[in-house]
Amino acid sequence: MARPALPPNVSGQRVRVALLEARPAGLHMPHLTMATELSRSQARRGIAYLRDTAAELGLTPLIWDRMNGYRFSSDPEDWVAYELRAFRKEMTAIRRIVTGCVIPHSLLRPDDEDVKLMLGQLTGVESGFEYLIRQLERTRKTA
């Protein structure tokens, strides 16, 4: 039977408490759902709420990694590692949109102004991500 919808702030509060209690360790999704008594989708909604409001709640960054799961970390190295993974993931998604759809679209409709605009904008975003990733990697190596 489906659980009733909880407001995101309620799910977020439960996730926050469970992660704070687990500190410095993290929780993988199965453990997080057990600790919070939330469904998987409710826990994801709570995580999204925390990510959207972490700064205004004064929380340390909420990160995820394969080894530790979800956790609040006070180590800046953890934050940068998480940010790098997130930027690489987004850059890969943008590249796949460009190579899988936008470029074929532009080849089939070379005079389409919308596709020219998309290609230009997405190429710029991709370049921005590449630059950002390189800078973060350089900073990590010198720190």
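Ser106 counts as buried at 17% relative accessibility (buried means under 20% relative accessible area, exposed over 50%, partly exposed in between, with a 1.4 Å probe and protein chains only). Ser106 sits in helix H4 (helices are DSSP runs of H or I with at least four residues, strands are E runs with at least two, and both are numbered from the N terminus). Its contacts, leaving aside neighbours within four places in sequence, are Val115 and Leu119 (contact means heavy atoms within 4.5 Å).

Some ground rules before the rest. This is a predicted model, where local features need pLDDT of at least 70 and side-chain atom pairs count only at pLDDT 80 or more, while totals for chains, interfaces and linings use all residues. Residues are numbered from 1 along each chain as its sequence is written, and side-chain values use heavy atoms, with hydrogens and water left out.

**Helix packing**

- H1 and H3 pack at an angle of about 90 degrees with their axes 7 Å apart (axes are lines fitted to C-alpha atoms, for helices over the stretch in contact, and angles run from 0 to 180 degrees between N-to-C directions).
- That makes H1 roughly perpendicular to H3 (under 35 degrees counts as roughly parallel, over 145 as roughly antiparallel, 65 to 115 as roughly perpendicular and the rest as oblique).
- On the H1 side of this contact you'll find Pro8, Asn9, Ser11, Gly12, Val15 and Arg16, and they meet Gln42, Ala43, Arg45, Gly46, Ile47, Tyr49 and Leu50 in H3.
- By type, the H1 with H3 contact splits into six nonpolar, five polar and two charged residues (Ala, Val, Leu, Ile, Met, Phe, Trp, Tyr, Cys and Pro count as nonpolar, Asp, Glu, Lys and Arg as charged, and the others, Gly among them, as polar).
- H2 (residues 29-36) and H3 (residues 40-57) pack at about 95 degrees, with their axes 10 Å apart, so H2 and H3 are also roughly perpendicular to each other.
- Met29, Leu32 and Thr33 of H2 make that contact with Arg40, Ala43, Arg44 and Ile47 of H3.
- The H2 with H3 contact comes out as four nonpolar, one polar and two charged residues.

- Gly12 is in helix H1, and at 1% relative accessibility Gly12 counts as buried.
- Not counting residues up to four places away in sequence, Gly12 touches Gly46, Tyr49 and Leu50.
- Gly12 and Gln42 are 30 residues apart in sequence, yet their C-alpha atoms are 8.7 Å apart in space.
- Leu50 is in helix H3, and Leu50 also counts as buried at 1% relative accessibility.
- With residues up to four places away in sequence again left out, Leu50 touches Gly12, Val15, Arg16, Leu57, Leu59, Leu62 and Phe72.

**Pockets**

- The largest pocket has a volume of about 340 Å³ (on a 1 Å grid over the protein atoms alone, a cavity is a set of points where a 1.4 Å probe fits but cannot get out, and a pocket is an open set with protein on both sides within 12 Å along at least five of seven lines; lining residues have an atom within 4 Å of a point).
- As for volume, grid points are joined across faces, edges and corners, and the value is the space filled by probe spheres set on the points.
- Its lining is Arg51, Trp64, Asp65, Arg66, Tyr70, Tyr82, Arg85, Ala86, Lys89 and Glu90.
- Strand S1 (62-65) and helix H4 (76-108) are the elements giving two or more residues to the largest pocket, and H4 gives the most, with five.
- The largest pocket's lining divides into four nonpolar, no polar and six charged residues.
- The second largest pocket holds about 190 Å³ of space, and its lining is Leu50, Arg51, Ala54, Pro61, Leu62, Ile63, Trp79, Tyr82, Glu83 and Phe87.
- H3, S1 and H4 each give two or more residues to the second largest pocket, with H4 giving the most, at four.
- This second lining has eight nonpolar, no polar and two charged residues.

**Backbone spots to check**

- Arg23 and Pro24 are joined by a cis peptide bond with omega of about 5 degrees, and Pro24 is in the loop between helix H1 (8-22) and H2.
- Glu37 has phi near 60 degrees, a positive value in a residue other than glycine.
- Glu37 is in the loop between H2 and H3 and counts as exposed at 64% relative accessibility.
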